[in-house]
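Here is a short briefing for a first look. Take the sequence and the model together, then work through the points by topic.

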Amino acid sequence: MIPVLTPSEMAAVDGAAPEPVEVLISRAGAAVARVALETLGGAYGRRVVVVAGKGNNGADGRAAAARLRRRGVRVTVFEASSAPAVLPPCDLVIDAAYGTGFRGTYDFPDVGMALVLAVDVPSGPSVDADVTVTFAALKPSLLFAANAGTVVVEDIGLDVSSARMHVVEVADVLARLPRRAPRSHKYEASVLVVAGSPGMGGAASLCSAAAMRAGAGYCRLASPGSSVVAPVEVVSVPLPSEDWSSAALDACERMKAAAIGPGLGRSPSTLADVARFVADAPVPVVVDADALSSIAELYATCGIQLSNEAAKPR
């Protein structure tokens, strides 16, 4: 997961760093220079303009400028407060004018056709960055900014373990999924889907397809009184139009989990069947939120309270 820190939290992390600020600026400048060279595709014959403010953000930009010069890039640095309205022609503009601590508005100079690399965050809405390099953690504004371009988080040695927010990546989700043994059988990851009704077959088809897409080795679709067109990989099981809970429970044979609710409708008899199925199912059951709310109301009228806190409608 990628940590997310607010400006005040980031300031606290910076203040707690064991290294002096000069070391952190040097690391940040190195990171900006590295991403700049990657964006440019090399240093030979390249021209870069840096717009640098007076804070640490500007210091990061100046440190990057020094490194780029050592690599042979022709670099021009302008102070943010006195930069021309139109920057000279170049291949890349590094926006190091203002960071997350800036309050107010700033009209960034016209960059022409140059690419833009923003340091930490773009310096206001007038900057349309192609790449943004931020340090140690994401900043909340970068999660919603339409002008940040590709966001690169660079590690500069700060401890961000105190972060209270994180962005969950695909790899984080995949790491939590159970691994199957090489010789596992399809029924070890089998799912029963009880869904659909006359005129509501789409929900059943989508739900069963989702089960297969999520990794079910076998999916059985049971639809009361409806001939749902199931996905090719899904096995259809007919259920009677009324009083179908017993047949649905029989369909749980060899299943490891069940899902119930999408497209079943909200008639009293249907809700009663859903309630009986949920109460007696021999496997874990995922219940559609709309159906769950109706079941809770049905139970309440009978003086029954759902005992599982996780199953209560929220």
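A residue counts as buried when its relative accessible area is under 20%. A65 has 0% relative accessibility, so A65 is buried. The model shown here is predicted.

**Overall shape**
- The protein has nine helices and 13 strands.
- Its radius of gyration is 29 Å, whereas a compact globule of 314 residues would come near 20 Å.
- The C-alpha trace spans about 80 × 40 × 40 Å along the principal axes.
- Of the 314 residues, 42% are buried.
- Take the contacts with a separation of 6 or more: 63% of them join residues 24 or more positions apart.

**The largest pocket**
- The largest pocket holds about 540 Å³ of space.
- It is lined by 24 residues, and D14, N56, N57, D60 and D120 are the closest to its centre.
- By class, the lining has 13 nonpolar, six polar and five charged residues.

- Which residues does A65 contact, leaving aside neighbours within four places in sequence? They are V50, V75 and V77.
- A65 and L138 are 73 residues apart in sequence. In space, their C-alpha atoms are 23 Å apart.

**K139, in a loop**
- K139 lies in the loop between β6 (131-135) and α4 (140-144).
- Is K139 buried or exposed? Its relative accessible area is 2%, and the cut-off for buried is under 20%, so K139 is buried.
- The K139 side chain reaches two backbone oxygens: that of A137 at 2.7 Å and that of F135 at 3.2 Å.
- Not counting residues up to four places away in sequence, K139 touches V4, L5, M10, T100, D120, V121 and T134.
- One of these, D120, is also among the residues closest to the centre of the largest pocket.

**L239, in strand β11**
- L239 is found in strand β11, which covers residues 235-239.
- L239 counts as buried because its relative accessibility is 7%, and the cut-off is under 20%.
- Beyond its neighbours within four places in sequence, L239 is in contact with V194, A222, S223, P224, G225, W244, A247 and A248.
- L239 and D280 are 41 residues apart in sequence. From C-alpha to C-alpha, they are 17 Å apart in space.

**D273, in helix α8**
- D273 lies in helix α8, residues 268-280.
- What is the relative accessible area of D273? The value is 1%, so D273 is buried under the 20% cut-off.
- D273 is in contact with E242, D243, W244 and S245, leaving aside neighbours within four places in sequence.

Key: Residues numbered from 1 in each chain as written. Predicted model: local features only at pLDDT ≥ 70, side-chain atom pairs only at ≥ 80, totals over all residues. Heavy atoms only, no water. Helix = DSSP H or I, 4+ residues; strand = E, 2+ residues; numbered from the N terminus. Buried < 20%, exposed > 50% of the residue type's maximum accessible area, 1.4 Å probe, protein only. Contact = heavy atoms within 4.5 Å. Polar contact = N/O pair within 3.5 Å; in protein donor to acceptor, adjacent residues only side chain to side chain. 1 Å grid on protein atoms, 1.4 Å probe; cavity = no way out; pocket = protein on both sides within 12 Å on 5 of 7 lines; lining within 4 Å. Points joined across faces, edges and corners; volume = space filled by probe spheres on them. Nonpolar A, V, L, I, M, F, W, Y, C, P; charged D, E, K, R; others polar. Rg over C-alpha atoms; globule rule 2.2 N^0.38 Å.
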